[in-house]
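This report describes a pocket, a set of salt bridges and several individual residues. The sequence and the model are shown first.

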Amino acid sequence: MEFQQSVGYVISNTGRKLNQRLQQLFQEHDVTPEQWSLLMCLDEHDGITHKDLAQRTDKDPANITRLVDQLERKELVRRVANPGDRRSQLLYLTENGRTNAHALAPIEADFVTQMLANISKEEIQAFKSFMAKIKKNVEQ
């Protein structure tokens, strides 16, 4: 079997291509797909800690710090001292951050619609189930 036919390669390569395309679609907003995922999480859960953001987005805490630094430089996110724990900060979207999150949401939604064209609801559900099983196996 050619390596390009292996399940791991197909998953990784497809994910990379999806990310590259979304990056192109978000380019004029100067936000990466990874940054956008944080904006969307904060839009739903404003005022959470770095740790909580990492857990909610399933990202490495060190990666979260780097991404939040980038978003803060772009004035999309602001950090506020946590009154309940001096060792942590709370993260909030700025008005510009919220505007960007909302502007990018329909772009991502259209991309997903295009990506799933000619794929049945049953196939999508089977795919989600398949991927959940793979994730569980990898995490064990």
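## The largest pocket

What volume does the largest pocket have? The volume of the largest pocket is about 1,300 Å³. A pocket here is an open set of points on a 1 Å grid over the protein atoms alone, where a 1.4 Å probe fits, with protein on both sides within 12 Å along at least five of seven lines; lining residues have an atom within 4 Å of a point. Points are joined across faces, edges and corners, and the volume is the space filled by probe spheres set on them.

The structure is a predicted model: local features need pLDDT of at least 70, side-chain atom pairs count only at pLDDT 80 or more, and totals for chains, interfaces and linings use all residues. Residues are numbered from 1 along each chain as its sequence is written, and side-chain values use heavy atoms, with hydrogens and water left out.

## Lining of the pocket

The lining of the largest pocket comprises 26 residues, and Gly-15, Leu-18, Met-115, Phe-127 and Met-131 lie nearest the centre. Two or more lining residues come from each of α1 (7-26), α2 (33-44), α5 (95-115) and α6 (121-139); helices (H or I, at least four residues) and strands (E, at least two) are DSSP runs numbered from the N terminus. Helix α1 contributes the most, with 8 residues.

By class, the lining has 16 nonpolar, 5 polar and 5 charged residues. Ala, Val, Leu, Ile, Met, Phe, Trp, Tyr, Cys and Pro count as nonpolar, Asp, Glu, Lys and Arg as charged, and the others, Gly among them, as polar.

## Salt bridges

The whole structure holds 10 salt bridges, each a side-chain nitrogen of Lys or Arg within 4 Å of a carboxyl oxygen of Asp or Glu. One of them joins Arg-98 and Asp-43 at 2.7 Å, N to O. Because Arg-98 lies in helix α5 and Asp-43 in helix α2, this pair ties together parts 55 residues apart in sequence.

Another salt bridge, between Arg-79 and Asp-69, has its closest N and O atoms 2.7 Å apart. This pair links strand β2 (residues 77-81), which holds Arg-79, to helix α4, which holds Asp-69.

## Asn-63

Asn-63 belongs to helix α4 (residues 61-73) and counts as buried because its relative accessibility is 19%, buried being under 20%, exposed over 50% and partly exposed in between (1.4 Å probe, protein chains only). Its side chain makes a polar contact with that of Glu-34 at 3.0 Å and another with that of Arg-66 at 2.3 Å. A polar contact is a pair of N or O atoms within 3.5 Å; within protein, one must be able to donate a hydrogen and the other to accept it, and residues adjacent in sequence count only if both atoms are side-chain atoms.
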